Amino acid sequence: MDFNFFEERISKIKDLPLPGEASQYKMAPEGRFEEFKEINLEKRNPRKAAVMALFYPTISQETNLLLILRKTYKGIHSNQVGFPGGKAEKYDDGLLSTALRETHEEVGVAPNDVTVIKEISEIFIPPSNFIVQPFIGLYKKPKPFIKQDHEVELILEIPLLDFLDENKIVSKKITTSYAVDIEVPAFKLNGYIVWGATAMMLNEIKELLKQVL
């Protein structure tokens with residue numbers, strides 16, 4: 001999809017109501033819906049984080065979405081596909097500042113080069129006890145990405161039309177830190193399985209975009 005057309009159309013999502021939990025839960029792992037309903041966030045006192053869903057033009061002016069494959073490490077999100085982003089720090093000036101700072105650190109995109117379009121519904125991630133605020137942004141004049149080798153294994157450049165393709169939604173059995181062989185709905189993008197909180201956020205973004213494209 002031509003980026004100029006995409007940029008013109010995506011501006012229209014600013015005034016749209018968020019699809020919210022209804023769209024997120026369509027991509028929730030098996031059994032997690034009931035768990036989400038019973039969670040008392042006040043008691044959990046979750047840590048805060050923010051991520052950026054960044055859309056940008058290729059050399060041929062096609063629209064891409066940026067995702068990253070995280071390094072393998074001893075942690076909940078080891079070797080998973082996600083958005084650039086991370087936990088809020090005391091020196092951040094709000095969660096948007098967190099998302100922009102982390103995007104700069106992880107993939108080399110300067111905050112001033114990002115046009116923020118909209119924040120979408122926050123999402124709670126029980127295994128890591130984080131509540132994550134996602135943002136949608138445009139990177140209109142992209143420079144080569146610079147991955148942070150300590151945290152990022154691979155930068156994934158996803159064609160927008162692949163992301164919007166209903167055939168890219170699959171069902172997979174996976175083993176996680178909290179369950180064995182659970183069935184999860186997922187996106188299959190660039191050969192990688194994208195599931196869990198990232199898939200849930202992606203689905204809300206997808207439902208927003210489909211209203212204006």
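This section describes the fold, the nonpolar cores and the aromatic pairs of a predicted model.

Residues are numbered from 1 along each chain as its sequence is written, and side-chain values use heavy atoms, with hydrogens and water left out. Because the model is predicted, local features need pLDDT of at least 70 and side-chain atom pairs count only at pLDDT 80 or more, whereas totals for chains, interfaces and linings use all residues.

The protein has seven helices and 11 strands. These elements are DSSP runs, numbered from the N terminus (helices: H or I, at least four residues; strands: E, at least two). Of the 213 residues, 48% count as buried. Buried means under 20% relative accessible area, exposed over 50%, and partly exposed in between (1.4 Å probe, protein chains only). Contacts were defined by heavy atoms within 4.5 Å. Among contacts between residues at least 6 apart in sequence, 68% join residues at least 24 apart.

The largest nonpolar core has 41 residues. Such a core is a set of buried Ala, Val, Leu, Ile, Met, Phe, Trp, Tyr and Cys residues joined through side-chain atoms within 4.5 Å. Those with the most contacts inside it are Phe 6, Phe 55, Ile 136, Phe 163, Ile 205 and Leu 209. Helix α7 gives the most to this core, with eight residues. A second, separate core has 16 residues, including Tyr 56, Ile 68, Ala 99 and Val 109. Ile 136 touches residues from several stretches of the sequence, among them Ile 10, Met 52, Phe 55, Ile 117, Ile 205 and Leu 208, with residues up to four places away in sequence not counted.

In helix α1 (residues 3-10), Phe 3, Phe 6 and Ile 10 are buried. They lie on the same side of α1, because they cover an arc of only 55 degrees around the axis. The arc is that of the directions from the helix axis to the C-beta atoms. The buried residues of α1 pack against β1 (47-57), β2 (63-70), β5 (115-119), β7 (130-138), α6 and α7.

A search of the whole structure finds five aromatic pairs. Rings of Phe, Tyr and Trp (its six-membered ring) pair if their centres lie within 6.5 Å; planes under 30 degrees apart count as stacked, over 60 as edge-to-face and the rest as tilted. Tyr 139 and Phe 145 form a tilted pair, at 6.0 Å centre to centre and 45 degrees between the planes. Tyr 139 is buried at 2% relative accessibility. Phe 145 is buried at 18%. The pair of Phe 163 and Phe 187 is tilted too, with ring centres 5.8 Å apart and planes at 45 degrees. Phe 163 lies in helix α6 (residues 160-164) and Phe 187 in strand β10 (residues 182-189), so this pair ties together parts that are 24 residues apart in sequence. Phe 163 is buried at 0% relative accessibility, and Phe 187 is also buried at 0%.

Strand β10 belongs to an open, antiparallel sheet of three strands, in the order β9-β10-β11. Two strands pair if DSSP finds at least two bridges between them. β9 (169-174) and β11 (192-194) stand at the edges with a single partner strand each, so one side of each lacks a neighbour in the sheet. β10 and β11 pair over three bridges. Phe 187 stands opposite Val 194 in β11. Helix α7 (residues 196-210) lies across β9, β10 and β11, at about 55 degrees to β10. Axes are lines fitted to C-alpha atoms, for helices over the stretch in contact, and angles run from 0 to 180 degrees between N-to-C directions.
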